[in-house]
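The entries follow in the order I looked.

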Amino acid sequence: MISNDDFYARAAWYVVAWSSELNRTKPTSVMVLGEQIIIWQADDCLVAMEDRCPHRLAPLSLGRCEGASIRCLYHGLIFDKDGKCIRAPGQDKIPPTLAVKPYPVTEKHGWVWVWMGDPDEADIALVPDLIGVDTADFHVAKGTLDYDADAYLINRNLLDFSHVPFVHSATFQAPEEAADVLPHWTRMERGLRYTSWTRSVLGSAVSPSAVPIDDMLGYDYVMPGIMSLLSGHFPLGTADDVAGGRPDFANAVGAVIASGQAVTPVDDRKARYFFWTGPRKDCGSQQLAEMLDRAQHAAFAEDKIMIEAQQKIIDRSGGQRPIPTAHDRAITLFEQMVKKLNAADANGANTDRGKTNANMEQEQ
Amino acid sequence: MISNDDFYARAAWYVVAWSSELNRTKPTSVMVLGEQIIIWQADDCLVAMEDRCPHRLAPLSLGRCEGASIRCLYHGLIFDKDGKCIRAPGQDKIPPTLAVKPYPVTEKHGWVWVWMGDPDEADIALVPDLIGVDTADFHVAKGTLDYDADAYLINRNLLDFSHVPFVHSATFQAPEEAADVLPHWTRMERGLRYTSWTRSVLGSAVSPSAVPIDDMLGYDYVMPGIMSLLSGHFPLGTADDVAGGRPDFANAVGAVIASGQAVTPVDDRKARYFFWTGPRKDCGSQQLAEMLDRAQHAAFAEDKIMIEAQQKIIDRSGGQRPIPTAHDRAITLFEQMVKKLNAADANGANTDRGKTNANMEQEQ
Amino acid sequence: MISNDDFYARAAWYVVAWSSELNRTKPTSVMVLGEQIIIWQADDCLVAMEDRCPHRLAPLSLGRCEGASIRCLYHGLIFDKDGKCIRAPGQDKIPPTLAVKPYPVTEKHGWVWVWMGDPDEADIALVPDLIGVDTADFHVAKGTLDYDADAYLINRNLLDFSHVPFVHSATFQAPEEAADVLPHWTRMERGLRYTSWTRSVLGSAVSPSAVPIDDMLGYDYVMPGIMSLLSGHFPLGTADDVAGGRPDFANAVGAVIASGQAVTPVDDRKARYFFWTGPRKDCGSQQLAEMLDRAQHAAFAEDKIMIEAQQKIIDRSGGQRPIPTAHDRAITLFEQMVKKLNAADANGANTDRGKTNANMEQEQ
């Protein structure tokens, strides 16, 4: 159960694990939006269902995978991949209520994604695109971080980079005046696009340039809380040529770096943060990927201290609302999009129409 | 305070400690059904009362036993064994409201028992009979286990042995098909009797037999949550002779083993489990008792993992009810008996009529 | 937020820290009555305000002191000593709602005091007087103790010394009969005065006397929970000369010892206890101060065990009220005074009239 439902799009794919965390013999149990879910790799599909046997509410995560079925190891009931009970020891007739809720599940970009909305609406095309992690021309390094805070606070942090000069003064060393410039945002179908140009600079500390270049940093932030970040150096004048918008990365002259980040609400006070980063192979090695990953870890630890302390204050503040500043515009826009999607969803024919395990892996 | 009151018989004796845990100088403090109770051994009786001084709600467990009275060591008030205040420093007249609630208490089978219902109804005859622990012809070994779970989940576990092949596959190695057979239950005055026969076998792993015998396992499960288990080998044909019922243990030809188990609700999320086991002296030694005890400990650790995980799921499930299968019949019967007893109790003249310490030890 | 508000005077100065705990570069964050407050030493004043940035409810305690202003290190907002936002990066116009609640704060007797009532009513004259700690003719030693209990239980403990023979039997060795004598209390403007004489004794264990003297122990207990204790030996007959009241300490012939104690409610279940003790320089050395401090620590550890256990019982007792004895008179009087003050306060024109930081340090 989660109380800040309003901040999270239900009709969305949530990253719940790295693909490498799954196996065939023992289900992996994860919590998303307060719902405990088991997932495992069967022969020809992934299976995901509620981690709760309907008989006596025992954990299926202590059960035994039998192909695409699972046997509860409390009293031996067996459920197929759609959550239907197909065996109850000592009993011939099995009532249809003896069923487990299945979840649509898929795998992409090295992550396992679970659909938390109406299963009938689960659309594989809504898994966000990420450049880098599974593209052959990038080196990447990966990390995970657990938060004792509500995920929407992390979403808000990532939608307002004016915190960078203050929270990350030690790690990123941006000047405090950088926060005086309001960012450029454009709307996307299920999120927002941020683009920032620094014109005519001699590169950066990590990637110096002998000649002046235009430095671009941009990211997409899409529901439920997926960031796809790209930065790079471009020939002088590119920023103006694209009118401050997105360039063609084929024209980059150096320092092309990608980062993918996924913020998953575990419950009301816990979140899991999945991320990777690395350079395009023509711009750096696996060593650089790992160096960037260490920098990301250091910076995310700074965010975590601030956000977990913020959560404690919110908990004591009895519903006191924040007072937005000019930098909060993206947060406001994003949260309006979420509310609008959830409202449309709630007005749909039936938010819980189907309970069959629409396994997306097979449909690919 | 306890919220699942319905699952626990109030008018019953609860095991709260091993007799060996009591002493004469310092009260032992235990919690039962959310009530904190102190108990100590006075010269000629056991005394039990609420662990709370009515003056400023200080713990009497930090007090000093003075024979059958106790002195609160916060401000020096003294209470006699009936909970009546007989001294308040600086004050001559003592109001009758300055009293502590006493509990009927007794000792039997090596356990200390406290009556949680109306003290006037406390009947020493309602302490369940257990064969083995204090019978001269048995060797026994003892153990205690604390649970982070509501005791009624342990009661349910012990009333449905179809979990044995699944939860205890490593320790007891029963075949999974055993769960296909529905058990035989008969009603008792305050509980249920389970009897199971395996006809014509060559004993068991622990006690092989050269000739085929009939193997019997049976237990009584009585309120509030007391199990008395007995098993043994009998001459071939006995099972049929007693029509699948209880045999005369004088006729046993080997492997007579007893186990006593008591499940005590501490509060809504904690329970204490007391148990012992061992062979009849003609069927085994103290070493065998200790071997059986180690096996019990290993098996109970398996139950504990399952039940504590189940408790967490129940806590998240917002009142979702289990869906019984055929094996849940004894659970349903037992819980109906508890509800019926509690209802009769509530309709009685006065559920809290007497507040005198009806010390049962003296009445024996 | 605190639920036992009735037991605490709002219009009072609370001890929140030792002066030595403050510094100029990093705010010190303390909780009082459930409100988190930051305090730091600026060039010419102390500053105290709520530990919460109104923008996104981030902790100002992670911020940076800039003289008498503080910069939030989440998004860079700056607040002056009155809590007014004077800078918000990326935004020219700052709404007046973007403000932090300031608190009147002052320093006296080596302690930092915060006023928790209406700031307009903050009166420096209401900081209680304490003899000893900052008087040149005393040696003192200091201590702090954290309690997992509501502060009002500590207030009650200190307002009823009949616990001394029982709780402190090991440390102070008072005879149990001492609790049979009811103490002498007189009313003060914001508290109560206790005076106790032992006539014609040969001093005490710590300070023996060759000739009989009259031994006096007295303390004032004033809101919100400040104890000022003084004891000493006086010429035989003094007790009668002052009719059991307070003597002139200039006439003391030995063993003049002072102790100051402050009980601060942190939240509903936590308190911080600040204390010091020591002899007048003509009656003992710094070594004696430290010996007395060790004795105080030992005794307060005894109180803490009792009071934290009492708190747990109260938590389980669902609002059950204590039953006062004759010794509870001072507690009852003190709590009536608090209720009366709070009621008068609530009926005042406006309990939250001003929000300017009436820094009392400057007004001295």
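I began in chain A, where Leu33(A) sits in the loop between β2 (28–32) and β3 (35–41). Helices (H or I, at least four residues) and strands (E, at least two) are DSSP runs, numbered from the N terminus. This is a predicted model: local features need pLDDT of at least 70, side-chain atom pairs count only at pLDDT 80 or more, and totals for chains, interfaces and linings use all residues. Residues are numbered from 1 along each chain as its sequence is written, with chains lettered from A and ligands numbered from 1 in the order in which they are written.

I read phi of Leu33(A) as near 50 degrees, a positive value in a residue other than glycine. Most residues other than glycine have a negative phi, and most peptide bonds are trans. Is Leu33(A) buried or exposed? Leu33(A) counts as buried because it has 21 C-beta neighbours inside 10 Å. The cut-offs: buried is 20 or more other C-beta atoms within 10 Å of the residue's own, exposed is 12 or fewer, partly exposed is in between, with C-beta atoms placed from the backbone.

I then checked Leu57(C), whose phi is near 65 degrees, again positive in a residue other than glycine. Leu57(C) is in the loop between β4 (46–50) and β5 (64–66) of chain C. Leu57(C) has 22 other C-beta atoms within 10 Å, so it is buried.

Next came the peptide bonds. Met223(B) and Pro224(B) are joined by a cis peptide bond, with omega about 0 degrees. Pro224(B) lies in the loop between β14 and β15 (226–235) of chain B. In chain C, a cis bond links Met223(C) to Pro224(C), omega also about 0 degrees. I found Pro224(C) in the loop between β14 (208–222) and β15 (226–235) of chain C.

**Chain A overall**

I counted 6 helices and 17 strands in chain A. Its C-alpha atoms fill a box of roughly 80 × 45 × 35 Å along the principal axes. Of its 364 residues, 46% count as buried.

The domain assignment (automatic or from a database) gives domain 1 (23–124) and domain 2 (128–343) in chain A. Their centres, taken over C-alpha atoms, are 35 Å apart. In chain A, 7 residues of domain 1 are in contact (C-beta atoms, placed from the backbone, within 7 Å) with 11 residues of domain 2.

**Helix α5 of chain B**

I tested the length of α5(B), residues 329–347. Which residues of α5(B) are buried? They are Ala330(B), Ile331(B), Phe334(B), Val338(B) and Asn342(B).

**Copies and interface**

I superposed chain C on chain B: a rotation of 120 degrees with 0.1 Å of shift along its axis does it, RMSD 0.1 Å. That is the relation of a three-fold axis.

The contact takes 24 residues from chain C and 19 residues from chain B. On the chain C side, α4(C) gives the most, with 6 residues.

Key
Copies are superposed by least squares on the C-alpha atoms of residues with pLDDT of at least 70 in both. Two residues are in contact if their C-beta atoms, placed from the backbone, lie within 7 Å.
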